[in-house]
Amino acid sequence: MSKLEDIVSLCKRRGFIFPGSDVYGGMAGTWDFGPLGVSLKRKIMDAWWNYFVDSRDDMYGVDAAIIMNPITWKASGHTETFNDPLVECKACHGRFRADKLVDNATESITTEEFLAANVKCPTCGKTDWGDVRKFNMMFKMTVGPVADDEHIAYLRPETAQGIFTNYKNVVDTIYPDIPFGIAQQGKAFRNEISPRDFILRDRECSQMEIEYFVRPDAWEEAFEQLLKEYHFFLTEKMGLSANNIHDEEVPAEDRAHYSKRTVDLEYDYPNGREELMGVAYRTDFDLSNIAKASGKSMEYRDKNTGEVFVPHVVEPSIGVERLMLAVLAEAYTEDEIDGNTRVLLKLPADLAPYRFCVSPLLKNKPELVEKARTVYDALKAKYGNVTWDDSGNIGKRYRKQDEIGTPKCVVIDFDTLEDDTVTVRDRDTAEQVRVAIDEL
Ligand SMILES: [Zn+2]
């Protein structure tokens, strides 16, 4: 098995991530988070919110509706340009992303370039292709009881537009000093032609985005600063190794239609280097388009100098699932203890679903169970995310807690009844030390 398959298997076995609609045979490009997965996911999202919003004075949060007025996507350019190159095999009618079948191709690959590469159909092996055409990745839907063209809307393909469309509301109610940022976490939807690599490229994902509003001449400084802060967040808060993260300056022809500079932060995933997140300079593209489409002014008036201008924007954007897969890949470890291979997740303690596991050495000794319960209750009251395990033997419990990333296992034995000390076993070293209960 590849490392990615090992991670997928652990995620399913231990209740982190299941295929979406599993009971009905699945739904391509969707995943469901189980009890431990939702715990990890929320901790990642909370750590981000805490670091980028709550601990700062220049960030404000919003939570906009997922279904937005379709004018939003005309003004933002998504209706016109949010496309992937689609190609169909005339023999078997398989549909593929053209740029993914040709080495070093970009999303702007033409029919001529595609045909010149002489690609065989991955399904049937033939080379009878139709033209490369643009496929819009927004999920279309109708709103209300009438299903005609007048009532078409879309599931949002990014959370960013929910921020831009609330820029004026925030400015008129909060009066923030520039520079300032507006942050949002939430679901976004992309009708990927071929979802793949587990939760890396899925059709429904969660994004964490910031639009950071600056004076037009101050974007470069903000860009560098945010880039630096994201590196800190990824390494110090998410536990990713700096040498697994690579800054890639995106060349003009590959940049999104709105961007004047983009740096992708790529991560060394188990199946190779892939985009983890991006920082993009979006100029005043969005606010100016909204001003045109809505007829409302998006100008900012500086309270101190009286200057009036349309702010420019630097946008760091990261997908929760992509980040979660990086955190899992970084934490996934196999080592050997007493000649046996062991699997463990070396998650940072703040991200682990459980901080402690408490167990009585034997579950059929009421005095041990009772003592263990008092220790469990005390830790639970203090930390919240503490789990109880009295199943199987102690070795089995350790193996399970290693696999779900619990940093410390606390075991209550007969000595505890004598001297109020417990065994604390460390996940990473498997070492056990004796600790007094009131020092836990
Ligand atoms: Zn085919």
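**Strands, a metal site and salt bridges**

Mentor: This is a predicted model, and we can start with the strands: strand 13 and strand 16 (residues 312–319) run antiparallel to each other, paired over 6 bridges. In that pairing, Tyr 281 stands opposite Val 314 in strand 16.

Trainee: What makes strand 12 (residues 261–269) and strand 13 a pair?

Mentor: Two strands pair if there are at least two bridges between them. Strand 12 and strand 13 have 9 bridges, in the antiparallel sense, so they count as a pair. Tyr 267 stands opposite Glu 274 in strand 13, and a hairpin through 2 residues connects strand 12 to strand 13.

Trainee: How do you know that strand 13 is mostly covered?

Mentor: Of the 12 residues in strand 13 (residues 272–283), 9 are buried. Buried here means under 20% relative accessible area.

Trainee: Now the metal. Which residues coordinate the zinc ion?

Mentor: The SG atoms of Cys 89, Cys 92, Cys 121 and Cys 124 do, at 2.2 to 2.4 Å. Along the sequence, the donor residues follow the spacing C-x2-C-x28-C-x2-C. Cys 89 and Cys 121 link distant parts of the chain, 32 residues apart. Cys 89 lies in the loop between strand 4 (83–88) and strand 5 (95–97), and Cys 121 in the loop between helix 6 (111–116) and strand 6 (133–136). Both Cys 89 and Cys 121 are buried.

Trainee: What makes the contact of Asp 84 with Arg 97 a salt bridge?

Mentor: The closest N and O atoms of Asp 84 and Arg 97 are 3.1 Å apart. The limit is within 4 Å, so the contact counts. Asp 84 is in strand 4 and Arg 97 in strand 5, 13 residues apart, and both are buried.

Trainee: And how do you know that Arg 97 and Glu 192 also meet in a salt bridge?

Mentor: Their N to O distance is 3.9 Å, and the limit is within 4 Å, so they qualify. Glu 192 sits in the loop between strand 9 (180–189) and strand 10 (204–214), 95 residues from Arg 97. Glu 192 is buried, as is Arg 97. Asp 84, Arg 97 and Glu 192 belong to a salt-bridge network that also includes Asp 99, Glu 107 and Arg 201. In the whole structure, 34 salt bridges are found.

Trainee: Arg 434 and Asp 413 meet in a salt bridge too, at 2.8 Å, N to O. Is Asp 413 buried or exposed?

Mentor: Asp 413 has 12% relative accessibility, and under 20% means buried, so Asp 413 is buried. Arg 434 has 37%, between 20% and 50%, so Arg 434 is partly exposed.

Trainee: Why is Phe 414 called partly exposed?

Mentor: Its relative accessible area of 37% lies between 20% and 50%, so Phe 414 is partly exposed. Phe 414 is in helix 14 (residues 414–419). Together with Leu 361, Leu 362 and Leu 417, Phe 414 makes a nonpolar surface patch of about 290 Å².

Definitions and conventions:
Residues are numbered from 1 along each chain as its sequence is written. This is a predicted model: local features need pLDDT of at least 70, side-chain atom pairs count only at pLDDT 80 or more; totals for chains, interfaces and linings use all residues. Side-chain values use heavy atoms; hydrogens and water are left out. Donors are N, O and S atoms within 2.8 Å of the metal (3.2 Å for Na, K and Ca); water is not among the atoms, so sites may look incomplete. Helices (H or I, at least four residues) and strands (E, at least two) are DSSP runs, numbered from the N terminus. Buried means under 20% relative accessible area, exposed over 50%, partly exposed in between (1.4 Å probe, protein chains only). Patches are made of residues with over 30% relative accessible area and no salt bridge: like charges are joined within 9 Å, nonpolar side chains (Val, Leu, Ile, Met, Phe, Trp, Tyr) within 5 Å. Accessible areas come from the Shrake-Rupley method with a 1.4 Å probe; for residues, only the protein chains shown count as cover. A salt bridge is a side-chain nitrogen of Lys or Arg within 4 Å of a carboxyl oxygen of Asp or Glu.
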